[in-house]
Amino acid sequence: MTERITARQFHAADGVDDWRSLYHLVAARFRTGSLAGGAALAAEIARLAADAAHHPRIDLRHDSVTVCLTARDVELARQISAAAAELGIQADPAAVQLVNITIDALVGADVLPFWAALLGYRQIGDDYLSDPAGRGPGLEFQAMDAPRPQRNRIHLDVAVPHDQAEARIAAALAAGGRLVSDAHAPRWWVLADAEGNEACVATWLGRE
């Protein structure tokens, strides 16, 4: 099945009881009990995905495998569940989740480039950033009616390789950000976007 389908249509299909719709994806978590068991399942998923010419997101942990697909990948989802069952691996549907972070902005176009540069993310549409590696949460930018002069109580910490910190900071500043403080550098720098939303870029240096 290659056409776009809704979450309701996906869940109405047979053989996908292990899966749950989350935003634009469907996900399943399989409790493997061991890294070896997870590697065996991941290898089978890779084989099935290659045959189907699809690109699932696979997260292999010491006791589980989590897989994300698009909703149209009904047949692949069904095959993955069957492969897990054949290996004696059970699904844990209640354990799946996707996390997005929403940033309020007066003018999203003014702050979005900063966050794309800071995180190394790609822009999707006018108000969303996605991690191209599929590891971090998405960022959505929500319009607000009036500025909030008080300091935000939540900010992002971004740990980067020590030899990449200066380049990442330079990219964020070039994209409209500003340096709030480098008092603790190279352990961390505090940056802010054009509307004052803060983030810290951190390295291992100074933590020895």
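1. Contact between α2 and α3. In this predicted model, L41, E44, I45, L48 and A49 of α2 meet L76, Q79, I80, A83 and A84 of α3. By class, the contact of α2 with α3 has eight nonpolar residues, one polar and one charged.

2. Geometry of that pair. Helix α2 covers residues 35-52 and helix α3 residues 74-86. Their axes come within 10 Å and cross at roughly 150 degrees. Angles over 145 degrees count as roughly antiparallel, so α2 is roughly antiparallel to α3. The crossing of α2 and α3 is right-handed.

3. The sheet. Four strands form an open sheet with mixed pairing, in the order β6-β9-β8-β7. Its edges are β6 (100-105) and β7 (122-124). Each has a single partner strand, so one side of each lacks a neighbour in the sheet. On average, neighbouring strands of this sheet are turned by 25 degrees against each other, direction ignored.

4. The β7-β8 pairing. Strand β8 spans residues 128-130 and is joined to β7 by three bridges. The two strands run antiparallel. I124 stands opposite Y128 in β8.

5. Helix on the sheet. Helix α4 (residues 108-119) packs on the sheet and touches β6, β7, β8 and β9 (138-143). The direction of α4 makes about 165 degrees with that of β9.

6. Annotation. UniProt, in an unreviewed entry, places the feature "domain: Glyoxalase-like" at residues 101-201. Over residues 101-201 the chain is 22% helix and 34% strand. The end C-alpha atoms of this stretch are 17 Å apart.

Key: Residues are numbered from 1 along each chain as its sequence is written. This is a predicted model: local features need pLDDT of at least 70, side-chain atom pairs count only at pLDDT 80 or more; totals for chains, interfaces and linings use all residues. Side-chain values use heavy atoms; hydrogens and water are left out. UniProt positions are given in the numbering used here, feature names are shortened, and annotations may be inferred rather than shown by experiment. Axes are lines fitted to C-alpha atoms, for helices over the stretch in contact, and angles run from 0 to 180 degrees between N-to-C directions. Angles under 35 degrees count as roughly parallel, over 145 as roughly antiparallel, 65 to 115 as roughly perpendicular and the rest as oblique. A crossing is left-handed if the near helix is turned anticlockwise from the far one by less than a right angle, and right-handed if clockwise. Contact means heavy atoms within 4.5 Å. Ala, Val, Leu, Ile, Met, Phe, Trp, Tyr, Cys and Pro count as nonpolar, Asp, Glu, Lys and Arg as charged, and the others, Gly among them, as polar. Two strands pair if DSSP finds at least two bridges between them.
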